[in-house]
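Have a look at the sequence and the 3D view before reading on.

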Amino acid sequence: MDSIISQIKNSHRIVVISHTNPDGDAIGSLIATGLSLKALNKKTTLYNESPIPAVYRFLPKVHQVVRKLDKTDYDLAIVLDCSNLERIGTAVSVVNRIPLIVNIDHHITNTHFGHIQLIDTSACATSEIVYWLIKKMNIPLDKFIATAIYTGILTDTGSFRFSNTNKAAFAICREMLDLGVDPYDISQHVYGTYSLGRIKLLNLALDSIEISNNGKVSIMTLTKDMFVETHTQPEDGDGLINYAKRIQDIKVAALIQEHHNGNGPSEDHSMYHVSLRSDGSVDVATIASTFGGGGHSSAAGFNIESTLSEIKTIILNLANTM
Ligand code: AMP
Ligand code: MN
Ligand code: MN
């Protein structure tokens, strides 16, 4: 952490980046880091390739996050919540030309990319690591930074329910409340106000659930057609996998989500994102890694170009090993 702090202090133009299709931790850690660097009077750009999901647009200074990297004269890139550099999307080539890349993350599959790494797989969220960094730098926390950190921890722990929930999650969030964070207000934004389309998508998603013969694996499917029918976006699929995971005796739940812009060489071939969740008895990070993805032992994902039936066969075959 000390070398990162001295590099930050010596840098003048910093770009902070998190993964595409951002979740609450990717955006929360991005904003908390950005606001802290601005407090140090650093010229700071906040970048994310994807649009900010509607449920996170209430976050302070969220409009400062840009989707294009015009300037290339950065002397430091801070990459957040990414297990590999490709997770940032198309900016990889620009970022690879920046003289110093700092990798701050909590994924067990982190590839240790970049020049300096701050990886803590016991942290509940990248927002937790950013909190420790801000503290170590003696940057005063304000309500804006606190709101971003709180949202990152709240969402990555599934509201303090997932297995990554640790003591720090509660201690830090309590401190964020002291700084003026209103937990009801945040949960209303993040979980309490869904579009009608999102609820209708939930209906289609629940209807799509299939269970392996031995009852240990569940599969939920979200196709492009379902998004079109309900006028929804990929972000509206966030969290739906938890319904498939909750089913009694299920060890691994998979959500197969067809990419909006993905059309493969033939009609039924397409790009899919597969999310995996486990009850703790199966390491899904290892499974995702074999398909070029990554994540945590009980929550991971990968991208695959294939047909829906082929992907389902792969996942159902996993059930035979359980
Ligand atoms: P998701 O698949 O979006 O439900 O993500 C579950 C976890 O796996 C998150 O911590 C992601 O950061 C991680 N993850 C998802 N997809 C990938 C991927 N293609 N490569 C590496 N990590 C991933
Ligand atoms: Mn994330
Ligand atoms: Mn995270």
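Two strands pair if DSSP finds at least two bridges between them. Strands (E, at least two residues) and helices (H or I, at least four residues) are DSSP runs, numbered from the N terminus.

Before the tour, some ground rules: this is a predicted model, where local features need pLDDT of at least 70 and side-chain atom pairs count only at pLDDT 80 or more, while totals for chains, interfaces and linings use all residues. Residues are numbered from 1 along each chain as its sequence is written, chains are lettered from A and ligands numbered from 1 in the order in which they are written, and side-chain values use heavy atoms, with hydrogens and water left out.

**The sheet**

Picture an open sheet of 6 strands in the order β3-β2-β1-β4-β5-β6, with parallel pairing. Its edge strands, β3 (65-66) and β6 (116-119), each pair on one side only. Strand β1 (residues 13-18) is mostly covered, with 5 of its 6 residues buried (buried is under 20% relative accessible area, exposed is over 50%, partly exposed is in between; 1.4 Å probe, protein chains only).

Here are some of the parallel pairs:

| Pair | Bridges | Bridge partners |
|---|---|---|
| β1 and β4 (residues 76-80) | 5 bridges | V15 and A77 |
| β5 (residues 101-105) and β6 | 4 bridges | I104 and L118 |

**The helices**

β1, helix α2 (residues 24-39) and β2 make a right-handed β-α-β unit: with the strands pointing away from the viewer, the path from the first strand over the helix to the second runs clockwise. α2 lies across β1, β2, β3 and β4, at about 165° to β1. Helix α4 (residues 126-136) lies across β4, β5 and β6, at about 120° to β5. Contact here means heavy atoms within 4.5 Å. Axes are lines fitted to C-alpha atoms, for helices over the stretch in contact, and angles run from 0 to 180 degrees between N-to-C directions.

**The metals**

Which residues hold the manganese ion (ligand 2)? H19 (NE2), D23 (OD) and D81 (OD) coordinate this ion at 2.1 to 2.3 Å. Donors are N, O and S atoms within 2.8 Å of the metal (3.2 Å for Na, K and Ca), and water is not among the atoms, so sites may look incomplete. In sequence, the donor residues of ligand 2 follow the spacing H-x3-D-x57-D. H19 counts as buried because its relative accessibility is 3%, whereas D23 is partly exposed at 24%. D81 also coordinates the manganese ion (ligand 3), and the two ions are 3.7 Å apart.
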